[in-house]
Amino acid sequence: MTPTFPKLTLYRADGSCALVPHMILRELGIPFTDVVMDFSPTTGLLQSVDGTLDFAAYQKIHPSGLVPALRIVENSSGNDDDDAEEGKSIVLTENPAIQMYIASLVPSSPIAGSTLLQRAQVLSWLNFLSGSVHGQGYGALWRPGRYIDVQSFPGSKEAVEAAGRRSIEKYYNMIETRLKDDAGAGGVRYALDDDRGGGDEHQQPTLVDFYLYLFFRWGNKIGIDAMKERFPNFTGIARAVEARESVKVVLAEEKAAFQFASSA
Ligand SMILES: N[C@@H](CCC(=O)N[C@@H](CS)C(=O)NCC(=O)O)C(=O)O
């Protein structure tokens, strides 16, 4: 029997952090529609590519005007033509929550961790990646105005951007150390791998790996030096994620370049 899923609409922008829920939806084979957003050339704020949502309209969906957002209609038949009464529409924001919700739609999947401890480890990683790496690092580098009124304080833009870049460097070193420490001698294929178990039960990616893949891409984008040499475990995970069929589909949909020649 085909599982019935809530009706889902993902608000996303190509190459943004919404890449992560996009990959997870495809990985789990969950049907959804998407509303593609991009930045207005005049205001620099998000609007929908099809012209139906300007920033003010989008703020009614996501009050901070950011992507991703996931609209969920539970008790939906999933069929737009159906007259059956639909459930209430709820919009979920914040990447970790969206990822966890999507994972919960396929409870048999190990993608959010298979044990309570693994689930907690996944949450620990997601909070770190969202709050520290994205919020503190990339938030400061790409959106210094989130931290200070850059118009009112001369030099503050450059100072906050530099602090963002320093944070990113620091956190990428922490990511590599954490992966190495968790891996034991055998190295990792995925973040929650544990070669001490001797089995292949963790040879499945979790949400963490898809999120790490985003930050590997962004690290290349901002020209972090010698990513592959300095962060071999991080790189190995990114390579394994990119080789997945679901991810190749998503990269084509987002018109995004492959990071590894062998994945294409
Ligand atoms: N804490 C939010 C951050 C979302 C976020 O910063 N999204 C970026 C794209 S990667 C965005 O929408 N930026 C638009 C802007 O800053 O105007 C989350 O994790 O979902």
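Where is Glu-94 found? Glu-94 belongs to the loop between strand E5 (89-93) and helix H3 (95-104); helices (H or I, at least four residues) and strands (E, at least two) are DSSP runs, numbered from the N terminus. This is a predicted model, in which local features need pLDDT of at least 70, side-chain atom pairs count only at pLDDT 80 or more, and totals for chains, interfaces and linings use all residues. Residues are numbered from 1 along each chain as its sequence is written, and side-chain values use heavy atoms, leaving out hydrogens and water.

**View 1. Glu-94 and the ligand.** Although Glu-94 is not a glycine, its phi is positive, near 80°. One of its polar side-chain atoms lies 2.6 Å from a nitrogen atom of the ligand, a polar contact (a pair of N or O atoms within 3.5 Å).

**View 2. Oxygen atoms of the ligand.** Here, a polar backbone atom of Asn-95 is 3.0 Å from an oxygen atom of the ligand. In the side chain of Arg-146, an N or O atom is 2.9 Å from an oxygen atom of the ligand. Taken alone, the ligand exposes 520 Å², and the protein buries 88% of that (Shrake-Rupley method, 1.4 Å probe).

**View 3. A cis peptide bond.** Val-67 and Pro-68 are joined by a cis peptide bond, with omega about 5°. Pro-68 has its place in the loop between helix H2 (55-59) and strand E4 (69-73).

Definitions and conventions. A polar contact is a pair of N or O atoms within 3.5 Å; within protein, one must be able to donate a hydrogen and the other to accept it, and residues adjacent in sequence count only if both atoms are side-chain atoms.
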